[in-house]
Amino acid sequence: MAKRSLARRTAESTWGLVLVARIVVLSALVLVILAAGVWTSWKTAQHAMLTKGRERGTMTVSACAADTCTGPFVPTGLGSIRAKVTIDKAVTHRVGERIPVAVEPGTETVVRVGTAGVLHTWIPFGGALLLAALVLAGGLRWTRTAWVAGIAGAALLGAAFLTL
């Protein structure tokens, strides 16, 4: 067996460290992307999913601006009638529509509840899954994992679109 020179052994070790560093950095990037998607989604998803103890009711859309719609809120149980609450325009279709909602505590903002509302709140996570799939496939060469993440993200976004 031929002995390798010190320079060659050093170069091989350095190249191995570069490959390991690439895997570590890109894996951390994927985790940050997914964590950001979950964090962003959870800010509103908690109000749509965990409605026990929250003020729930029905909102009737009376007016819409560029990004939001407003209207009166009528509670179904305990709570107070509110003359004007605000909801994201993406979860409404037309003026006069009655939407089941939950009030975000301490605000005049409401979040749609039910399947459509929950799926809509998880849209940022669906986008994060799609973005993570690109990093998984392009940077880490984990194609199967990338396909799973991409299909899951696309399915989440598609389901949110179809239910609204």
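A search of the whole structure finds 1 disulfide, a disulfide being a pair of cysteine sulfur atoms within 2.5 Å. The structure is a predicted model, in which local features need pLDDT of at least 70 and side-chain atom pairs count only at pLDDT 80 or more, whereas totals for chains, interfaces and linings use all residues. Residues are numbered from 1 along each chain as its sequence is written, and side-chain values use heavy atoms, with hydrogens and water left out.

The disulfide links Cys-64 with Cys-69, at an S to S distance of 2.1 Å. The link of Cys-64 and Cys-69 is right-handed, with 100 degrees about the S-S bond. Cys-64 is partly exposed, at a relative accessible area of 36%, whereas Cys-69 is buried, at 0%. Here buried denotes under 20% relative accessible area, exposed over 50%, and partly exposed the range in between, computed with a 1.4 Å probe on protein chains only.

The helical packing was examined next. Helices (H or I, at least four residues) and strands (E, at least two) are DSSP runs, numbered from the N terminus. Two packed helices are described by the angle between their axes and the distance between the axes. The axes are lines fitted to C-alpha atoms, for helices over the stretch in contact, and the angles run from 0 to 180 degrees between N-to-C directions. Angles under 35 degrees count as roughly parallel, over 145 as roughly antiparallel, 65 to 115 as roughly perpendicular and the rest as oblique.

Helices α1 and α3 pack at an angle of about 170 degrees, and their axes are 7 Å apart. Helix α1 is therefore roughly antiparallel to α3. On the α1 side the contact (heavy atoms within 4.5 Å) involves Leu-26, Leu-29, Val-30, Ile-33, Leu-34, Gly-37, Val-38, Thr-40 and Ser-41, and on the α3 side Ile-123, Pro-124, Phe-125, Ala-128, Leu-129, Leu-131, Ala-132, Val-135 and Leu-136. The residues of this contact comprise 15 nonpolar, 3 polar and no charged. In this classification Ala, Val, Leu, Ile, Met, Phe, Trp, Tyr, Cys and Pro count as nonpolar, Asp, Glu, Lys and Arg as charged, and the others, Gly among them, as polar.

Between α3 and α4 the packing angle is about 155 degrees, and the axes are 8 Å apart. Helices α3 and α4 are therefore roughly antiparallel to each other. Their crossing is left-handed, a term that applies if the near helix is turned anticlockwise from the far one by less than a right angle, with clockwise giving a right-handed crossing. Among the residues making the contact of α3 with α4 are Ile-123, Phe-125, Leu-129 and Leu-136 of α3, together with Thr-145, Leu-156 and Leu-157 of α4. The residues of the contact of α3 with α4 divide into 14 nonpolar, 5 polar and no charged.

The loop between α3 and α4 contains Arg-141. Although not a glycine, Arg-141 has a positive phi of about 60 degrees. Most residues other than glycine have a negative phi. Arg-141 counts as exposed, at 60% relative accessibility.

In helix α2 (residues 114–121), the buried residues are Ala-116, Gly-117, Leu-119, His-120 and Thr-121. These buried residues pack against α1 (6–49), β4 (82–88), β6 (110–112), α3 (123–138) and α4 (143–163). Thr-115 also lies in α2 but counts as exposed, at 57% relative accessibility. Thr-115 and Ala-159 are 44 residues apart in sequence, with a C-alpha to C-alpha separation of 9.6 Å in space.

Two further loops were considered. Val-95, in the loop between β4 and β5, is exposed at 53% relative accessibility. Val-95 touches Val-61 and Ser-62, when residues up to four places away in sequence are not counted. Val-95 and Ala-63 are 6.2 Å apart in space, C-alpha to C-alpha, and 32 residues apart in sequence. Thr-107, in the loop between β5 (98–103) and β6, counts as partly exposed at 28% relative accessibility. Thr-107 and Thr-86 are 21 residues apart in sequence and 9.3 Å apart in space, C-alpha to C-alpha.
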